[in-house]
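Dear colleague,

I am passing on the structure below. My notes on it follow.

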Amino acid sequence: MTAGAVEYLAETYGGDARSSVFLGGIITPTRRLALRWLRGQARRIADALDPYPYVRWAPPGALRRVPAADRDAPGALRGWQASTECQDAALHALAAGGPYAFLTHDATCWYRLTVHPLPGPVTP
C-alpha cells in the first residue's frame, strides 16, 4: 500500500435494549465497494425480517401480509438501500474522510450499517 492509501471497513450490527450483535463485516479497497456490500446487507436483513408472502422457501399460506407498523425497520432498510440520495450522502461523507452510519429501529430491535476509512501503512 502506498502513502495515503485508504481501505474501508463496512459493518452491520443489530440488537435490542440489552444486547448488540455483530451481523457481518468486510474490508474493501474503495468506498463504493463498501457501500455496495452494505446495500446487499440491508436487503438481506430486511428480507430476513420481513419476507414477501410468496417467497419460494415458505410453504403456501405460511406467510401473510400484516398492517404497516409505525416503526418499520425492514422498510427503512429497503428504503436506504434503494435511495440514490442516501448513497450520495454516504459517498460524500466517506470522500471527506469521515465515517458514515445508518441506524433504524422498530418496536423491539435496532439495526446499524456503518462504514469508516482505515488508513493504510505508510511505505517509503
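Surroundings of Thr-114

Leaving aside residues up to four places away in sequence, Thr-114 touches Leu-9, Ala-10, Glu-11, Leu-38, Tyr-100 and Ala-101. Please keep in mind that the model is predicted. Thr-114 is part of strand S4, which covers residues 110-119. At a relative accessible area of 11%, Thr-114 falls under the 20% limit and therefore counts as buried.

Aromatic residues

Tyr-100, one of the residues that Thr-114 touches, also belongs to an aromatic cluster with Trp-80 and Phe-102. The count of aromatic pairs comes to three. In the pair of Tyr-13 and Phe-22, the ring centres lie 5.4 Å apart and the planes stand at 65°, so this pair is edge-to-face. Tyr-13 is buried, with a relative accessible area of 18%, whereas Phe-22 has 47% and is partly exposed.

Helices H1 and H3

Helix H1 (residues 31-49) and helix H3 (residues 84-95) have axes that come within 10 Å and cross at roughly 140°. The two helices are therefore oblique to each other. Their crossing is right-handed. On the H1 side the contact is made by Arg-31, Arg-32, Leu-35 and Arg-39, and on the H3 side by Gln-87, Ala-90, Leu-91, Leu-94 and Ala-95. Sorted by class, this contact has five nonpolar residues, three charged and one polar.

Regards

Notes: Residues are numbered from 1 along each chain as its sequence is written. This is a predicted model: local features need pLDDT of at least 70, side-chain atom pairs count only at pLDDT 80 or more; totals for chains, interfaces and linings use all residues. Side-chain values use heavy atoms; hydrogens and water are left out. Axes are lines fitted to C-alpha atoms, for helices over the stretch in contact, and angles run from 0 to 180 degrees between N-to-C directions. Helices (H or I, at least four residues) and strands (E, at least two) are DSSP runs, numbered from the N terminus. Angles under 35 degrees count as roughly parallel, over 145 as roughly antiparallel, 65 to 115 as roughly perpendicular and the rest as oblique. A crossing is left-handed if the near helix is turned anticlockwise from the far one by less than a right angle, and right-handed if clockwise. Contact means heavy atoms within 4.5 Å. Ala, Val, Leu, Ile, Met, Phe, Trp, Tyr, Cys and Pro count as nonpolar, Asp, Glu, Lys and Arg as charged, and the others, Gly among them, as polar. Buried means under 20% relative accessible area, exposed over 50%, partly exposed in between (1.4 Å probe, protein chains only). Rings of Phe, Tyr and Trp (its six-membered ring) pair if their centres lie within 6.5 Å; planes under 30 degrees apart count as stacked, over 60 as edge-to-face and the rest as tilted.
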